[in-house]
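Below are a few friendly notes to read alongside the model.

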Amino acid sequence: MLVPLLVLAPALLLLGSAIAGRGLESDLPATGDYAALELYTRLAAQGRQLLGPYSRFGFHHPGPAYFYASVPLYVLSGDRFAGILLTAALVNAAGIVLLLWRVGREGGAAALVAAALVVALFVSWRGPSWLFSAWNPNVAVMPFGLALVSLAAVAAGRDGALPVAALAGSFAVQTHLGCLPATVAAGLAALVLLVPRARSAAGLPPRPALRRGWLILTALVLAVLWAPPLVEQLRPDGGNLGHIVSFVARRGEGHPAGEALATAGAAIAGWLFRARDSSARAVLVLVVVALASAHGAARHARQPFAAALSLVTFAGVAAAVLSAARATGPLLPYLFRWMAMLAVATAAALAAGVAPLVAARARAPRRPRLLATIGVVTLALVSGRNLALARATSEAPPAAPEDSEAAARLSDAIASALAGTSPRPLVEVGPHVDRDLVLGVLLGLDKKGRPFAVQPFGPFRLGGRWRPDGAEDARLVLGEEDAALAATPGVRLLGREAGLFAYLVPRGAAGRRP
């Protein structure tokens, strides 16, 4: 059972030291989404981050678990973005290993090989460097898969998997709100399967009593992870969870059933066949048929994990389709990347249910071994390709993005101009500026130890030490060129980069606000 893990490990771990080493060489600030992630991680290092990653819809994702998980490696790396990249890689590696370990323990070698093969194909499809992506929609993928198989194990009678399900599911939901419907659906399915009548109808054996120790540990995990967003919700200036509920409850235009089915089919398993539109809908039908077959085979072979996994995964698939139908705005692929874990669970459930039947009916005892060997060899080939892609990625010459260099130059100019003048200005961001560059400038200023406060702008709410308190002695306006503001007595132009101008407006100056 350990062979697939040993085969997959080199391709999953990649050449992390080389990739991280390149990141450690640069002191340039990140920009855009990555700058926002690093700013929030810096607040988490002080225990003051209560929000999750920002969303383009004006709220933040449910919680800050990702930021607090990033703090140890971020601090050890010298407060550099490479620490967050390494955290993403660690989350992915741990998620994959624990997912495969759970599948192998509960479903057997066939399920382990099937799940490992689909995971390896997913990594090959996205590119091995995807495992080091710090972008929160990518970081949530593997924890969602781990939560899915852990919930199935709980439904099958393994109460020891409950704390892992709570931890992985909460992490995935807090990091990317898109995981919420499927995680809740899978959790409810697992909960229903704990009811004796439902277990009997599903072909599951009577469950043992849930041990109090695991229940207490699960409650502690949930309390620790959900305390920050609940505290933020109750603050006078908070209410992020309420904003999420209002957004979800708001009835938008939605998407037609055909479009939602095609999107879900492509995200769940269409990437395996490069399926689009009608072919993606056919793939979704194939996934449902595979889950039905897995459940039927599991009932016949008396395999509780395969039976539970097929039902829990089916609930996740139904929620995935509903998520696509109710999504606001364009159905962008990155929003639904987490759905690929439903294909991993489907493959594991089918293999776990069918393998005992194949073994029982095989005329020659070597036939099951032959099938397992073919699976392991295929896995080795895919993993070898991943390793080759990873090597090519690590050997590519690093290039500093122009926006990072621009952010570094402008933050240097602002910090030098503010030295000895304004102890803590209030940053105000204009409406028509490059927010990615603005975030890089703010990150650069903070890394230089330059105190400032920030008014909320766009979807960004930078709290903690950047929260305005009314004691700011000047305004730092980051916006487009403003001749009228520049002509105001006392106003100074501190610098400009890539169309972004920085004006220092002293207290009492008559300059207009952006």
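**Notes on the aromatic core and its surroundings**

1. Let me begin with the aromatic cluster formed by Tyr 40, Tyr 66, Phe 67 and Phe 171. Rings of Phe, Tyr and Trp (its six-membered ring) are paired here if their centres lie within 6.5 Å; planes under 30 degrees apart are stacked, over 60 edge-to-face, and the rest tilted. Please keep in mind that this is a predicted model, where local features need pLDDT of at least 70, side-chain atom pairs count only at pLDDT 80 or more, and totals for chains, interfaces and linings use all residues. Residues are numbered from 1 along each chain as its sequence is written, and side-chain values use heavy atoms, with hydrogens and water left out.

2. Searching the whole structure gives 17 aromatic pairs. Phe 122 and Trp 130 make an edge-to-face pair, with 5.0 Å centre to centre and 90 degrees between the planes. Phe 122 and Trp 130 are both buried (under 20% relative accessible area; exposed is over 50%, partly exposed in between; 1.4 Å probe, protein chains only).

3. Which residues of helix H4 are buried? In H4 (residues 65-76), they are Ala 65, Tyr 66, Phe 67, Ser 70, Val 71 and Tyr 74. An α-helix has 3.6 residues a turn, so residues three or four places apart point the same way. Helices here are DSSP runs (H or I, at least four residues), as are strands (E, at least two), numbered from the N terminus.

4. The cover over the buried residues of H4 includes helices H3 (32-44), H5 (82-107), H7 (136-139), H9 (162-175), H12 (212-234) and H20 (435-447). After H4 comes Gly 78, with a positive phi near 85 degrees.

5. Do look at Trp 125 too: Arg 126 lies over its face, 4.9 Å from the ring centre. The criterion is NZ of Lys or CZ of Arg within 6 Å of the ring centre and within 35 degrees of the ring normal.

6. For the chain as a whole, there are 21 helices and five strands. Of its 514 residues, 54% count as buried. Among contacts (heavy atoms within 4.5 Å) between residues at least 6 apart in sequence, 75% join residues at least 24 apart.
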